[in-house]
Amino acid sequence: METQQPSQSPVAPQPPVLKLSWREKYAGILVLIVGIIYLLWQAIDFLSSRSGAYAVKDGSFNINTSELFNHIRSIISIILAISGGLLLLKGKRAGWVIGVAFLLLLLIIASGIMIAGYAIADNQSKIIGGSFVFLLLMALVFLLLPSARIKYKVGKRTYLPTLVLMLILAVLYYFLQ
């Protein structure tokens, strides 16, 4: 009786996976938390909305175009934030691209709100807003550190998709209102 040996197919060696440090995990978790909070906020807003954004009149369904763009922007942001946070935690380069673009956009928006409302805000609002801006800035800096760029295999060709995604998000947030 002959016993057959299982065929050994050559397996390509996997590149060593670099373990994420607390800084990369912090950035990934922050992006993920922002996406989840944004999702919950949109769900509550949609369920409790009594405005005239949607209307059924004489058998036709009417949608306010500015509200439609607002919902499209929100859905895209939620998908990007949640997927970017998960990909960052998995150590994927696409997570770095999405995370950096999303964090930079949020940092610009939060800083603009802080600057615009600085004169009329009370001290508690300034502290809360400043803390949020600081948390976003630290997450962005952590992703831009050389150690993080090595772990996510960020090269010269990675910056172009990041810039393109940032421009798309800027168009969504600033021009489609």
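Start where two helices touch: Ser 77, Leu 80, Ala 81, Ser 83, Gly 84, Leu 87 and Leu 88 of α2 meet Ala 94, Gly 95, Trp 96, Ile 98, Gly 99 and Phe 102 of α3, a contact being heavy atoms within 4.5 Å. This is a predicted model, in which local features need pLDDT of at least 70 and side-chain atom pairs pLDDT 80 or more, while totals for chains, interfaces and linings use all residues. Numbering runs from 1 along each chain as its sequence is written, and side-chain values use heavy atoms, leaving out hydrogens and water.

Two packed helices are described by the angle between their axes and the distance between the axes. Here the axes of α2 and α3 come within 8 Å and cross at roughly 130°.

Now turn to helix α1, residues 22-48. Its 27 residues should span 39 Å at 1.5 Å a residue, and the end C-alpha atoms are 38 Å apart, which agrees; the expected span is 1.5 Å times one less than the number of residues. Among the buried residues of α1 are Leu 30, Val 31, Val 34 and Tyr 38, where buried means under 20% relative accessible area with a 1.4 Å probe, protein chains only. Their cover includes α2, α3, α4, α5 and α6.

Stepping back, the protein chain has six helices and two strands (DSSP runs, H or I of at least four residues and E of at least two), in the order α-β-β-α-α-α-α-α. Of its 177 residues, 32% count as buried.

Notes:
Buried < 20%, exposed > 50% of the residue type's maximum accessible area, 1.4 Å probe, protein only. Axes fitted to C-alpha atoms, helices over the stretch in contact; angles between N-to-C directions.
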